[in-house]
Amino acid sequence: MPNSHKAIFDCASKASQVICADSGVDAALKAGCRIDKVYGDLDSISEDGLSYIKENNIPLEVFPCEKDMTDTELVLSEVTSSNVVLFCALKGRIDHVMANVLMCARLKLSGLNVLVTDGESQIRFLSGGEKFVYKSSSVREMVSLLPVDIGNPVTGVTTKGLYYELNDATLNYGSSLGVSNYIKDPGTFCEISIKSGIIGVYVVPEE
């Protein structure tokens with residue numbers, strides 16, 4: 001994630017705690033941010049990263065490679081804050097990407113708000129009665145709204161500032177209706193609210 005280093009540094013400088021999962025140590029070091037704790041099976045961290053955490057006495061929780069959770073889920077299962085930013089790859093291993101997205105959607109149901117990002121694209125989740133206001137960048141950004149609860153539609157979907165406006169709409173799981181909208185005027189605000197259900201809001205720079 002070469003373009004994410006500044007985003008990681010800016011976020012980490014404001015965070016109460018910075019936890020790395022395995023090779024996340026290497027990303028944090030490249031970004032120049034602090035590391036408070038490390039989790040993982042250590043199958044992907046570099047030798048330099050491993051030496052750094054040992055030399056600086058950074059707390060390390062080591063797990064076997066054969067386990068029932070990914071390193072990312074291990075980290076998220078231990079956080080105490082209700083608001084978390086997860087920096088991870090959103091391209092490449094589609095199984096890992098999907099696992100992270102679905103896991104964070106599930107955690108939303110238990111009260112944990114996770115913003116998933118690679119430093120460029122971002123995903124956040126809204127549940128019933130919530131509203132999200134986002135100030136876009138100066139480049140055109142695509143916005144997709146995808147329900148993530150297979151058993152419940154998302155109702156009362158209302159948007160402002162998007163090219164295709166929705167007003168009290170219902171979006172069903174597996175529908176592509178909410179895909180590939182975009183912020184009407186780059187650099188301005190958009191607003192998304194729902195009445196019930198849980199939805200993923202994907203903001204992706206246009207390629």
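Tutor: Arg 106 has a relative accessible area of 44%, so it counts as partly exposed; buried means under 20% relative accessible area, exposed over 50%, and partly exposed in between, with a 1.4 Å probe and protein chains only. Bear in mind that this is a predicted model: local features need pLDDT of at least 70, side-chain atom pairs count only at pLDDT 80 or more, and totals for chains, interfaces and linings use all residues. Residues are numbered from 1 along each chain as its sequence is written, and side-chain values use heavy atoms, with hydrogens and water left out.

Student: What makes Arg 106 and Glu 73 a salt bridge?

Tutor: The N to O distance between their side chains is 3.1 Å, and a salt bridge is a side-chain nitrogen of Lys or Arg within 4 Å of a carboxyl oxygen of Asp or Glu. Arg 106 sits in helix H5 and Glu 73 in helix H4, 33 residues apart, so the pair links distant parts of the chain. Helices (H or I, at least four residues) and strands (E, at least two) are DSSP runs, numbered from the N terminus. Glu 73 is partly exposed, because its relative accessibility is 22%.

Student: Why is the pair of Arg 140 and Glu 206 said to tie parts together?

Tutor: Arg 140 lies in the loop between strand E7 (131–135) and E8, while Glu 206 is in the segment after E13, so the pair joins parts 66 residues apart in sequence. Their side chains meet at 2.8 Å, N to O. At 32%, Arg 140 is partly exposed, and Glu 206 at 41% is partly exposed too. A search of the whole structure finds 7 salt bridges.

Student: How do you know whether Ser 4 is buried or exposed?

Tutor: Its relative accessible area is 1%, so Ser 4 is buried. It lies in the segment before helix H1 (5–14). Leaving aside neighbours within four places in sequence, Ser 4 is in contact (heavy atoms within 4.5 Å) with Asp 118 and Gly 119.

Student: And what label does Glu 66 get?

Tutor: Glu 66 is exposed, because its relative accessibility is 78%. You'll find Glu 66 in the loop between strand E3 (60–62) and helix H4 (71–76).

Student: Why are E4 and E11 called edge strands?

Tutor: The open sheet has 6 strands in the order E4-E5-E6-E13-E8-E11, with mixed pairing. E4 (83–87) and E11 (181–182) each have a single partner strand, so one side of each lacks a neighbour in the sheet. Two strands pair if DSSP finds at least two bridges between them. E8 (residues 141–147) and E11 have 2 bridges, in the antiparallel sense, with Val 143 opposite Asn 181. E4 and E5 pair in the parallel sense over 5 bridges, and there Phe 87 stands opposite Thr 117.

Student: Why is E5 described as largely enclosed?

Tutor: 4 of the 5 residues of E5 are buried, so the rest of the structure largely encloses E5.

Student: Last one: what makes Ile 94, Met 98 and Leu 102 a nonpolar patch?

Tutor: Patches are made of residues with over 30% relative accessible area and no salt bridge; like charges are joined within 9 Å, and nonpolar side chains (Val, Leu, Ile, Met, Phe, Trp, Tyr) within 5 Å. Ile 94 is exposed at 58%, and its place is in helix H5 (residues 94–109). Together the three have about 300 Å² of accessible area, computed by the Shrake-Rupley method with a 1.4 Å probe, where for residues only the protein chains shown count as cover.
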